[in-house]
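This briefing walks through side-chain packing, ring pairs and charge pairs in the model shown below. Please read it with the sequence and the coordinates open alongside.

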Amino acid sequence: FSACNDTETGQPLAFTLTASGKTCSQATLQLLDMAGGVLGQQKSLILADKEHFTREIADYFDGSHTMDILMPAPNQKGITERIATLEYRQMWPGYSVAETPFSFQNSDQKLRLIAQKDGPAGKETYIVFLTTSDRDAGDLLSKVFSKRWTIEEFFNREGDMAWNRASTFNLNIRYGRQSLALLAQAAIYRLRKNLPQSNSRWNAAMLSEKVLTNMEGDIRVKDDTIIITYYKDHEIL
């Protein structure tokens, strides 16, 4: 299961199911094509993980006019040795950034390898990222990549809405189940906006128990709109 989520809202944009025979790169490229269909010509920055650090994925973004990528780099010897010798720019005491050109083996593609250095002198720690974006390195690392946590919050909060387990190995049934989960997710996202702030952060299981279970009302579809009518108000509504 691979998914692409919006880091501003946490909501899913697209998902795909893969077999064990597919590599991470193959599954990711399929997902990126789907996400590109949703995003259109909107300029987007994709935040990824270390498993996406491959030449195939980097080539995809290098050839894209609408999407860039920012992802952590693995702790490879050649990378760690290089970043230790760079000249770092201090952003604030105890935190500085640097960058250097990078190319995958047997590739002429020029990418940016950017690094952050944390901690006092003599006890520094380094974290390295690869990007195709031309945005300032300090902004990418200190302001942008932290939004990656929004995706983790989504799966922690909404996992019970069919995202945290597979009920069958039948691919068609699983696609159908996840497609319905996307529809439910869209409706619940709108519902959360109308709940008191203290209740809107409930996870999916709690929201189902407190709001949707034993409800008195009906659900109808008019054109492209799902209309939910309560005949008896719940306490929090």
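Q109 lies in the loop between β6 and β7, where helices (H or I, at least four residues) and strands (E, at least two) are DSSP runs numbered from the N terminus. The model is a predicted one, in which local features need pLDDT of at least 70 and side-chain atom pairs count only at pLDDT 80 or more, whereas totals for chains, interfaces and linings use all residues. Residues are numbered from 1 along each chain as its sequence is written, and side-chain values use heavy atoms, with hydrogens and water left out.

- Once neighbours within four places in sequence are left aside, Q109 is in contact with A58, D59, D62, F102, S103 and F104, contact being defined as heavy atoms within 4.5 Å.

**Nonpolar cores**

- The largest nonpolar core has 24 residues, and those with the most contacts inside it are F53, I79, F102 and L130; such a core is a set of buried Ala, Val, Leu, Ile, Met, Phe, Trp, Tyr and Cys residues joined through side-chain atoms within 4.5 Å.
- Two or more residues of this core come from each of α1 (24–39), α2 (55–62), β4, α3, β6, β7 and β8.
- A second, separate core has 12 residues, including A162, I188, L195 and A204.
- For F102, the contacts that remain when neighbours within four places in sequence are left aside are F53, I79, R82, Q109, K110, L111, L113 and L130.

**Aromatic pairs and a charge over a ring**

- Rings of Phe, Tyr and Trp (its six-membered ring) pair if their centres lie within 6.5 Å, and planes under 30 degrees apart count as stacked, over 60 as edge-to-face and the rest as tilted; by this rule the count comes to 8 aromatic pairs.
- Y88 and Y126 form a tilted pair, at 5.8 Å centre to centre and with 55° between the planes.
- Because Y88 lies in the loop between α3 (77–83) and β5 (89–92) and Y126 in strand β8 (residues 125–131), this pair ties together parts that are 38 residues apart in sequence.
- Y88 is buried at 16% relative accessibility, whereas Y126 is partly exposed at 34%.
- The ring centres of F102 and F104 are 5.2 Å apart and their planes stand at 80°, so the pair is edge-to-face; F102 is buried at 8% relative accessibility, and F104 is buried at 11%.
- Through ring pairs, F53, F102 and F104 are linked into a cluster.
- The charged end of K117 sits over the ring of Y88, 4.7 Å from its centre, the criterion being NZ of Lys or CZ of Arg within 6 Å of the ring centre and within 35 degrees of the ring normal.

**Helix α4**

- In helix α4 (residues 137–144), the buried residues are A137, G138, L140, L141 and V144.
- These buried residues of α4 pack against β3 (44–47), β4 (67–72), β5, β6 (95–102), β7 (111–118) and β8.
- The N-terminal end of α4 is capped by D136, of which a side-chain oxygen lies 3.0 Å from the backbone nitrogen of G138.

**Salt bridges**

- The structure holds 12 salt bridges, each being a side-chain nitrogen of Lys or Arg within 4 Å of a carboxyl oxygen of Asp or Glu.
- E99 forms a salt bridge with R112, with the closest N and O atoms 2.8 Å apart; since E99 lies in strand β6 and R112 in strand β7, the pair ties together parts that are 13 residues apart in sequence.
- E99 is partly exposed at 42% relative accessibility, while R112 is buried at 16%.
- R148 forms a salt bridge with E152, the closest N and O atoms being 2.8 Å apart, and here R148 is buried at 13% whereas E152 is partly exposed at 32%.
- In the salt bridge of R220 with D218, the closest N and O atoms are 4.0 Å apart, and R220 is partly exposed at 48%, as is D218 at 23%.
- Salt bridges that share partners join D49, R148 and E152 into one network.

Conventions: Buried means under 20% relative accessible area, exposed over 50%, partly exposed in between (1.4 Å probe, protein chains only). A polar contact is a pair of N or O atoms within 3.5 Å; within protein, one must be able to donate a hydrogen and the other to accept it, and residues adjacent in sequence count only if both atoms are side-chain atoms.
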